[in-house]
Amino acid sequence: MSRYLRMLFVISLIFVSAGCNRRPGPASAPKPTAFGTALVESSGGKQIGATGMVLAQPVVVQVNDEQGTAVAGALVELSGPPGVSFDPPSGLTDSSGQLSANIALGGRAGRYQLTARTLTKAQKPVELKIEEIALGYQQQVGFQLDDKYCARCHNPESTAERVSNYDNLEVKPHPFTEGDTLNKMTDAELTAIIGHGGPALNKSALMPPYGYTLSKTEIEALISYIRLISDPPYHASGMVYAQK
Amino acid sequence: MQSPSKNTTSIWQTLFGHPVRAFGVVSLLLLISLAIAPAKNHFSEWRHYQKQYLSLIRTRGDAITLQRHFHEGIQQIWLPQFGVVDRCTTCHVGLKEASLGDVSSQPFRRHPVIPHTSEQFGCVMCHRGQGAATTVEEAHSSTLAWEQPILPVRYVQSSCGQCHRAPLTGTPQLNLGRNLLGRYGCVHCHTIKLADGGAIKPTDDPPSLSHIADKSTREWIYAWLKDPQAYAITSTMPNFKLSDPDARDISAFLISNSTPIPGDTESGTKDQKPPDPTAAASLYGESFCASCHAVQNAAGNVVGGDVGPELTRIGTKAKPEWLRAWLRNPRVYDAGTAMPHYRFTDQQVSLLTGFLGNKTDADLLANVHLDAATPEQIAHGKLLVTEYGCASCHEVSGMKKPDNFAPELTRIGSKPLTQIIFLQGMQHTLPDYVSAKIRQPRSFGSALKMPQYTLAPAQVDALTTALLSLTDRAHDLPRSLTVPEQLPSNYQPAGKAGQLMADMACFTCHAINGRGGDMAPDLTWEGSSVQRPWLQAFLKNPGTLRPALIRRMPRFNLSDSEVTELTDYIMIVYQTPVFERDSMPSGGYPPAQVEQGKQLFYSKYACQSCHIIDTKADKGYIGPTLAQVGSRLNAAWIYHWLKNPQAMRPGATEPNRNMSDEDARALTAFLTTLKGSGKLEAKK
């Protein structure tokens with residue numbers, strides 16, 4: 001019987017060792033050499049990227065102490081919803097107290113809340129929320145159309161490549177991020193004003209109609225882009241379903 | 001202690017000792033074995049997900065509609081023409097349910113809106129993975145028998161590129177990647193054949209090295225070879241990570257191999273008075289050099305175009321004699337250059353030579369001290385130039401462009417994983433391999449020749465995307481299912497005007513008949529569009545048409561006969577077949593109609609939001625100023641443009657207003673009266 005037991009033991013040992021996961025765990029974060037009390041965003045927030053793709057600019061966060069001076073060597077950890085990847089996901093701040101990470105957003109179009117986290121000397125977590133927007137295929141098309149047809153008037157910011165026409169207009173157009181106004185308009189109203197121009201909604205004739213230039217699909221794409229970048233965020237009206 | 005044989009016998013006897021009992025036991029075993037298959041089916045992963053889906057939709061407002069759309073069991077999309085058998089929709093049940101937009105957990109997330117449906121193309125055409133599998137692991141990951149895991153969303157645009165050769169609005173990453181393949185000259189060394197028989201062509205035009213001693217010093221070549229981006233941050237030349245002796249020997253060979261071009265070494269004209277810096281800077285500005293050439297400013301920002309090389313440190317690179325000769329006529333040194341022949345006066349050439357010569361960086365060559373080259377060094381340099389395949393990109397006199405210098409990448413997107421040697425700690429997937437190869441080619445072996453490129457993370461991803469689109473499927477799809485690329489034509493204008501246009505490199509900025517750049521308007525129908533006197537005056541001294549535009553037509557200092565030659569050619573040859581040039585009178589419209597046009601302009605169509613007529617009152621910045629459009633544009637062109645701008649110039653920004661004939665005629669009548677004042681013409 002003991003021979004059986006011994007054999008059983010040996011067999012079970014083989015199974016157990018085979019079942020053991022020999023993959024090494026995630027690389028452990030480096031040990032912080034200093035601690036701060038505050039986290040601030042230096043750059044890289046509120047970017048508009050594309051689903052799954054690396055944001056054009058890295059996100060840079062800075063750790064400060066009580067006096068507001070930068071702390072080098074503090075540990076910063078970055079996290080976000082599933083699908084978001086960080087390069088690197090954590091690290092020590094450099095000599096200017098900053099950590100820079102390249103970020104690829106997840107596969108779902110929408111807003112992404114990212115969190116940067118550091119610990120104070122008393123091991124208390126300090127968090128910083130950073131928001132980024134990912135455009136899906138449809139919004140991406142909308143973005144390109146905006147860039148070609150709309151942004152020259154609707155975006156008040158001028159760049160070296162594009163001088164804004166916003167200031168030249170007697171009736172000011174609404175920037176597409178202006179959620180307070182645009183969120184109150186229904187999809188049908190936006191379709192009407194894009195397709196038939198300002199007068200379709202008793203608004204300024206300075207807004208020309210694009211219904212003979214853009215296709216129905218293109219106008220839908222444009223609206224879905226406007227909805228996504230609006231600030232405060234747009235929530236479709238109508239039935240709200242209980243969420244699991 | 002009992003013996004094992006006794007024990008076995010007893011178990012055997014208990015079970016099968018009696019024939020009736022044995023029959024019972026065997027029947028039971030049979031029943032159990034028969035139950036295995038249904039049980040496996042019942043507890044399968046996909047059933048679990050379908051049940052989860054049903055409980056998810058039960059609480060929603062449109063549960064009945066969703067329930068009606070739901071079909072139990074394994075779902076399959078079968079597309080014989082693509083070889084697609086996809087069962088993904090078995091678990092991904094809510095793909096087409098618009099009302100599930102708020103569900104963020106997989107597998108029930110709604111598919112984003114795209115121009116194709118899963119019935120048309122299935123799932124694996126775009127996402128890869130194993131379509132026929134019915135377990136999560138087998139469908140998504142690479143297993144023993146299946147090499148294609150799910151393609152990360154990061155590279156999903158590569159799938160569009162399998163069928164779409166032409167750039168798509170919705171795939172900026174793929175478009176960028178394809179552009180970079182040409183712009184960074186990848187295809188000089190790596191051949192990429194396309195399904196239609198063509199190949200991707202390089203667009204970077206690397207300079208010839210056959211006469212480099214005319215242009216630069218050996219010290220500069222050495223510093224450049226060691227680190228091209230230290231000289232110009234925007235340079236597309238990769239870093240070959242050369243050792244000091246290797247860089248020394250290559251520079252020695254290139255200088256000794258260079259043959260002079262007459263005229264390049266001539267020193268300047270006698271007038272050696274110090275050039276006026278403000279005059280030089282304004283000449284640089286007036287000539288719109290910045291439309292093509294960038295300069296890095298003090299803040300580190302690169303400002304300017306990317307058609308020509310960056311000029312931040314040009315004075316360190318180019319010898320003044322060469323710069324002078326180049327500015328006088330670049331075509332002597334490089335017949336095919338994109339740089340126009342400006343016909344500068346000697347004084348202007350001196351001004352610009354001095355201005356550019358001052359753009360130096362002493363640090364760049366501070367530590368470069370090279371002794372006179374020995375014959376051994378030159379011979380070794382020649383060997384290195386051959387080994388590194390310099391002649392794949394650059395013309396080197398006495399050397400032939402090597403064929404297939406690097407592996408062909410025609411089907412890289414379907415490269416079998418078994419043929420790939422991965423690095424330690426790397427994920428064993430094709431996208432990871434390709435992007436690692438682009439990011440750090442030498443990490444795969446220090447003896448590899450592929451140089452290190454300076455690319456941003458987004459550029460690496462874009463290149464990876466473009467390469468992953470080169471799959472077997474992209475090549476084997478029936479031609480009827482692909483969307484071909486509109487290849488640039490090899491249109492060449494004829495005669496003396498054609499020579500002039502080549503000399504002034506018109507095609508660098510303007511497109512005509514499908515060939516040329518997109519920086520400036522397409523001129524294919526220019527002859528139908530403009531009036532002869534205006535064109536003549538414009539070619540002589542190009543004025544500003546669009547107030548907010550940074551890039552403008554430079555002044556080429558053309559002679560009167562050259563202007564006439566060009567004007568004749570444009571007015572005769574570049575005519576549209578859509579309408580007769582003289583089909584509408586250029587004036588003499590009834591005043592009532594003109595007034596009606598003015599009303600329409602300001603009220604109904606509100607053209608002033610984009611165009612200026614009255615330079616004091618109007619402010620529109622987007623379209624060209626129309627204050628003198630009556631002396632610039634032809635009446636029939638105005639009318640047809642108003643009716644449908646995109647038909648006259650594809651891609652025009654001005655929206656089509658679906659104007660009635662009457663309105664268009666009234667607006668034409670009004671616009672033809674806007675002759676402008678001579679003063680404006682001269683103001684520029």
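Visitor: Which strands make up the open sheet with mixed pairing in chain A, and in what order?
Guide: The order is E2-E9-E8-E4-E6, five strands in an open sheet of chain A. A strand here is a DSSP run (E) of at least two residues, a helix a run (H or I) of at least four, and both are numbered from the N terminus. The model is predicted: local features need pLDDT of at least 70, side-chain atom pairs count only at pLDDT 80 or more, and totals for chains, interfaces and linings use all residues. Residues are numbered from 1 along each chain as its sequence is written, while chains are lettered from A and ligands numbered from 1 in the order in which they are written.

Visitor: What makes E2 and E6 of chain A edge strands?
Guide: Strand E2 (48–50) and strand E6 (90–92) of chain A each pair on one side only.

Visitor: How do you know that E4 and E8 of chain A pair?
Guide: Two strands pair if DSSP finds at least two bridges between them. Ser79(A) stands opposite Thr115(A) in E8(A).

Visitor: How do you know that the length of H19 in chain B agrees with that of a helix?
Guide: The expected span is 1.5 Å times one less than the number of residues. For the twelve residues of H19(B) (residues 346–357) that gives 16 Å, and the end C-alpha atoms are 16 Å apart, so the two agree.

Visitor: What makes a residue of H19(B) count as buried, and which residues are these?
Guide: A buried residue has 20 or more other C-beta atoms, placed from the backbone, within 10 Å of its own; 12 or fewer make it exposed, and values in between partly exposed. In H19(B), the buried residues are Val349(B), Ser350(B), Leu351(B), Leu352(B), Thr353(B), Gly354(B), Phe355(B) and Leu356(B). They pack against helix H15 (277–286), helix H16 (314–317) and helix H17 (320–328) of chain B. In H17(B), the buried residues include Trp322(B) and Trp326(B). The buried residues of H17(B) pack in turn against helix H11 (212–215), helix H18 (330–333) and H19 of chain B.

Visitor: What makes up the contact of chains A and B?
Guide: Residues are in contact if their C-beta atoms, placed from the backbone, lie within 7 Å. The contact takes 38 residues from chain B and 38 residues from chain A. On the side of chain B, H24(B) supplies the largest share, three residues.

Key
Two residues are in contact if their C-beta atoms, placed from the backbone, lie within 7 Å.
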